[in-house]
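Trainee: I've just opened this one and I'm a bit lost. Can you walk me through it?
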Amino acid sequence: MSTSSASGMNPWRLWNRLPLWQKILAGMVIGIITGGIIGPDAIVLKPIGTIFVNAIKMLIVPLVFCSLIVGVTSMQDTGKMGRLGLKSLVFYLLTTAIAISIGLVLGHFLAPGEGMNLIAKEQEVVKEAPSLVNTLVSIIPNNPVKALASGNILQIIVFALALGVSLNMIGDHGKPAIAIFTSLAEAMYKLTGLVMILAPYGVFGLMAWVAGAYGMSVLLPLIKVIAAVYIGCLLHVYGFYGAVITIIGRLNPMRFFRGIVDAQAIAFTTSSSAGSLPVSLRCSQRLGASRGTSSFILPLGATINMDGTALYQGVTALFVAQAFGVPLSPGDYATIIATATLASIGTAGVPGAGLVMLTLVLTTVGLPMEGVALIAGIDRLLDMARTMVNVSGDLMVTTLVAKSEGELDTELYNGTKAFVETTPS
């Protein structure tokens, strides 16, 4: 064998040539196999994943803050900013209502809770969810520095929007500050690329731990509800989102799904919409959305858009009702849809938002609270799928709003023009 052919078969070289999503997929598969083989001892690999997740979290606050300011200051028309926000909010609320409806339909026909001899466990202690009014009041930070230090994303968004608008309003006096934030945002994009080099290895560590901790002995009793949630998530993303992209956006859905696969992979393996934000921003810009539009809409969506979580509410609420033999009326179904849709905004920024929303839904229709403890055992597995849906929805709305505002480069979207990642001059 010649030296050139031998070097061509170098595994490390082949690995480096793989696209990011393929590396992440390989890390996930190898991690699952490893965790299945060594079992609970796979917890020793968890720090690898924790390092990656911490590196992603390190990016979130400065990236959101700088990106929003750059996005707002790039829009000299404040009326345009208002249109973007209104369009995004309407899309988010409508898609959330449809998502939970899909979950209810699947829960009804697949009946994951029927025939299961479930025993009530000790009630799960879940943090009380704030009301929608309290959430709206609390989004105004009385100390912006504290909001930045504590990572309160809603308050950071409000402060960044207000600061960005103010910098636009003072004209030439704001240009030096805008230049600084633009430079910082570019540096954060570059740092994101460096952190993403760790993604396949971090994913390996996370998935090995999940597979080792949640073996088949835990999955089998609840396999039907897991299957129902995953089927619903796939239908919502590739069925509903695909149809919306095609009919409303008049765009090729296959190009869209190929363009967001990196963000989906990170969302699925880290279970964090905010943690996926740096990759979502890159995917959106590769699809042709302007930096200003994506920097404005994606942080908003990462905070209030919970399509996947809403779908999960529909399936799990039906699961609990069937498991405990509680019949639900058509009015109860409507109540579940309304509660989960509003809670998708009302619980924004609350840790464990999925379980908080489930608590709200179960309480509203009088279902046993022990159901929260039953679902909590598999919540991590469901969280991966619903986060992937949330992030896909953020990117879908960003693409559609950008198209409606003339801020989508269709040549870049269709692949007829190469994407050039800008760097600070």
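Predicted model: local features only at pLDDT ≥ 70, side-chain atom pairs only at ≥ 80, totals over all residues.

Trainee: Okay, so is V158 buried or partly exposed?
Mentor: V158 counts as partly exposed, because its relative accessibility is 22%. You'll find V158 in helix α8, residues 153–169. Helices here are DSSP runs of H or I with at least four residues, strands are runs of E with at least two, and both are numbered from the N terminus.

Trainee: What does V158 touch?
Mentor: Not counting residues up to four places away in sequence, V158 touches I139, I140 and P141. Contact means heavy atoms within 4.5 Å. V158 and L68 are 90 residues apart in sequence, with their C-alpha atoms 9.6 Å apart in space.

Trainee: Zooming out, how many helices and strands does the chain have?
Mentor: The chain comes to 22 helices and 0 strands. Of its 425 residues, 52% count as buried. Take the contacts with a separation of 6 or more: 82% of them are between residues 24 or more positions apart.

Trainee: At what angle do α4 and α10 cross?
Mentor: Roughly 130 degrees, and the axes of α4 (residues 46–73) and α10 (residues 199–213) come within 7 Å. That makes α4 oblique to α10. Axes are lines fitted to C-alpha atoms, for helices over the stretch in contact, and angles run from 0 to 180 degrees between N-to-C directions. Under 35 degrees counts as roughly parallel, over 145 as roughly antiparallel, 65 to 115 as roughly perpendicular, and the rest as oblique.

Trainee: And which residues of α4 and α10 meet?
Mentor: K46, I48, G49, F52 and V53 in α4 meet A199, Y201, G202, G205, L206 and W209 in α10. By class, that contact has 7 nonpolar, 3 polar and 1 charged residues. Nonpolar covers Ala, Val, Leu, Ile, Met, Phe, Trp, Tyr, Cys and Pro, charged covers Asp, Glu, Lys and Arg, and the others, Gly among them, are polar.

Trainee: How do α10 and α21 cross?
Mentor: The axes of α10 and α21 (residues 379–404) come within 11 Å and cross at roughly 140 degrees, so the two are oblique to each other. On the α10 side the contact is made by L206, M207, W209 and V210, and on the α21 side by R380, L381 and M384. The classes there are 6 nonpolar, no polar and 1 charged.

Trainee: New topic: is S294 buried or exposed?
Mentor: S294 is buried, because its relative accessible area is 0%. S294 is in helix α16, residues 291–304.

Trainee: Which side chain joins S294 in a polar contact?
Mentor: The side chain of Q285, at 3.5 Å. A polar contact is a pair of N or O atoms within 3.5 Å; within protein, one must be able to donate a hydrogen and the other to accept it, and residues adjacent in sequence count only if both atoms are side-chain atoms. Leaving aside neighbours within four places in sequence, S294 is in contact with L281, S284, Q285, P299 and T398.

Key: Residues numbered from 1 in each chain as written. Heavy atoms only, no water. Buried < 20%, exposed > 50% of the residue type's maximum accessible area, 1.4 Å probe, protein only.
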